[in-house]
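Good morning, and thank you for the time on today's agenda. I would ask everyone to keep the sequence and the structure in view while I speak.

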Amino acid sequence: MQYQWYPGHMSKAKRQIQDELKLVDVVVELVDARIPYSSKNPDIDKFAGNKPRVLLLNKADLADEARTKEYKAHYEKQGYYVLAVNSKGGSGVKSVLGVIQEACKEKRERDLKRGIIGRPLRAMIVGIPNVGKSTFINSFAGKNCTLTGNKPGVTKGKQWIRLNKELELLDTPGILWPKFEDQKVGLRIAWIGSINEDILDIRELAVTLLSYLYENYPGAAAAKYGVQECGDGNEALERIAKKRGCLQKGGIPDLDRAARFIMDDCRAGKLGRITLERVPESKENEEDEGTKVTGDYGGKD
Ligand code: G4P
């Protein structure tokens, strides 16, 4: 499974993010709470330098609450200010302003000492495609904010959303890239539906997902599809296809059709609130542990 990012896109995106970051005091990165590690950009810390970083675990309504808490603690240990939010439903969004202010407290104090008073903080939303950046900006900024633009010192054409006296938000989010060299990360991004479907093997996705569910959320597939679960994802897919009457001519199970509705159900949260990876035990082994998911990866692991 390959991402559709090309070297040209990458270097342009990097340059743009680096330029825009110069304009802001704080970076607010959105990740998908179902795969916080896999949907996190590998380079943003480097680009952000010493700027405070806020991490929003978005789509928390679809993720397993207990694991979201673990991820929150995990990233807090790494120096992020972390909040779980549901940008679509709105829960948690109101608390983001306070968290941004908290993250910028030291900067504020430094400004005060230098006699800088009343300048609003500037923030920028960043994240890989489809994590909910636009949805969040709409929900966070609401309708009662004003757009400001072309201020001195601001790159021409940039628009800022003024939330209140204290905070301005760059109106276009920064689009980051995932850890696309890691195929396991690619698999998980595909599970949540954020990779162009045309390039995916839907059956492989469903088989690996069913194996993951068997290990991590026993009972979820059985409750939804009324089949006896098993550790072999291929077998589980066949059982579900038969149970749901997905059959081709001659009674052969139509595995592609079954795989399609399983993936749709998973992405829509119909299999329950599930998180599709586990918190690594420490930063050092994040590369290994964060991507370790038990299950059948069809030889890709
Ligand atoms: P992006 O700017 O980062 O690319 O993401 P965008 O806001 O376009 O959101 C991508 C999809 O994720 C949208 O669904 C959006 O509704 C959904 N979404 C965003 N935040 C949340 C959240 O907190 N919880 C849930 N459950 N979904 C969220 P879509 O199907 O593409 O569009 P729509 O049919 O919902 O309009």
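Strand E6, residues 159-164, and strand E7 are joined by four bridges and run antiparallel. Before I go further, please note that this is a predicted model. The two strands E6 and E7 make a hairpin, with two residues between them.

E7 has another partner, strand E4, residues 121-127; three bridges join the two, and they run parallel. Here leucine 121 stands opposite leucine 167 in E7.

How many of the residues of E4 are buried? The count is seven of its seven residues, and the strand is mostly covered. From E4, Leu121, Ala123, Ile125 and Gly127 point one way, while Arg122, Met124 and Val126 point the other way.

E4 also pairs with E1 through four bridges, and these strands run parallel. Valine 28 has isoleucine 125 in E4 as its bridge partner. Strand E8, residues 174-175, is joined to E4 by two bridges, again running parallel. In that pairing, valine 126 has glycine 174 in E8 as its bridge partner.

Of the 301 residues in the protein, 50% are buried. Among contacts between residues at least 6 apart in sequence, 70% join residues at least 24 apart. The protein exposes about 14600 Å², and carbon and sulfur atoms supply 48% of that area.

Glutamate 277 lies in the loop between helix H11 (255-267) and helix H12 (286-289). Is glutamate 277 buried or exposed? Its relative accessible area is 0%, so glutamate 277 counts as buried. Which side chains does the side chain of glutamate 277 meet in polar contacts? One is that of serine 38, at 2.6 Å, and another is that of arginine 188, at 2.7 Å.

Serine 38 itself is in the loop between strand E1 (26-32) and helix H2 (44-48). Serine 38 is buried because its relative accessible area is 0%. The side chains of serine 38 and arginine 188 are joined by a polar contact of 3.2 Å. Not counting residues up to four places away in sequence, serine 38 touches Pro178, Lys179, Val185, Arg188, Ile189 and Glu277.

Another loop residue to look at is aspartate 64, between strand E2 (53-58) and helix H3 (65-77). Why does aspartate 64 count as buried? Its relative accessibility is 15%, and buried means under 20%. The side chain of aspartate 64 has a polar atom 3.0 Å from the backbone nitrogen of alanine 66.

Leaving aside neighbours within four places in sequence, aspartate 64 is in contact with Tyr217, Arg273, Ile274 and Thr275. Aspartate 64 and leucine 276 are 212 residues apart in sequence, yet their C-alpha atoms are 9.0 Å apart in space.

Finally, we come to the ligand. It is surrounded by 13 residues, and the closest are Asp61, Ser87, Lys133, Ser134 and Thr135. Which element gives the most to this shell? Helix H6, residues 133-141, does, with three residues. By type, the shell divides into two nonpolar, seven polar and four charged residues.

Several side chains of the protein have polar atoms by oxygen atoms of the ligand. For asparagine 86 the distance is 3.1 Å, and for lysine 88 it is 3.2 Å. For threonine 135, an N or O atom of the side chain is 2.5 Å from an oxygen atom of the ligand. Taken alone, the ligand exposes 700 Å², and the protein buries 62% of that.

To close, I would recall two points. Glutamate 277 makes side-chain polar contacts with serine 38 and with arginine 188. Strand E4 has bridges to E7, to E1 and to E8. Thank you for your attention.

Key
Residues are numbered from 1 along each chain as its sequence is written. This is a predicted model: local features need pLDDT of at least 70, side-chain atom pairs count only at pLDDT 80 or more; totals for chains, interfaces and linings use all residues. Side-chain values use heavy atoms; hydrogens and water are left out. Buried means under 20% relative accessible area, exposed over 50%, partly exposed in between (1.4 Å probe, protein chains only). A polar contact is a pair of N or O atoms within 3.5 Å; within protein, one must be able to donate a hydrogen and the other to accept it, and residues adjacent in sequence count only if both atoms are side-chain atoms. A residue is near a molecule or strand if one of its heavy atoms lies within 4 Å of it. Accessible areas come from the Shrake-Rupley method with a 1.4 Å probe; for residues, only the protein chains shown count as cover. Ala, Val, Leu, Ile, Met, Phe, Trp, Tyr, Cys and Pro count as nonpolar, Asp, Glu, Lys and Arg as charged, and the others, Gly among them, as polar. Contact means heavy atoms within 4.5 Å. Two strands pair if DSSP finds at least two bridges between them.
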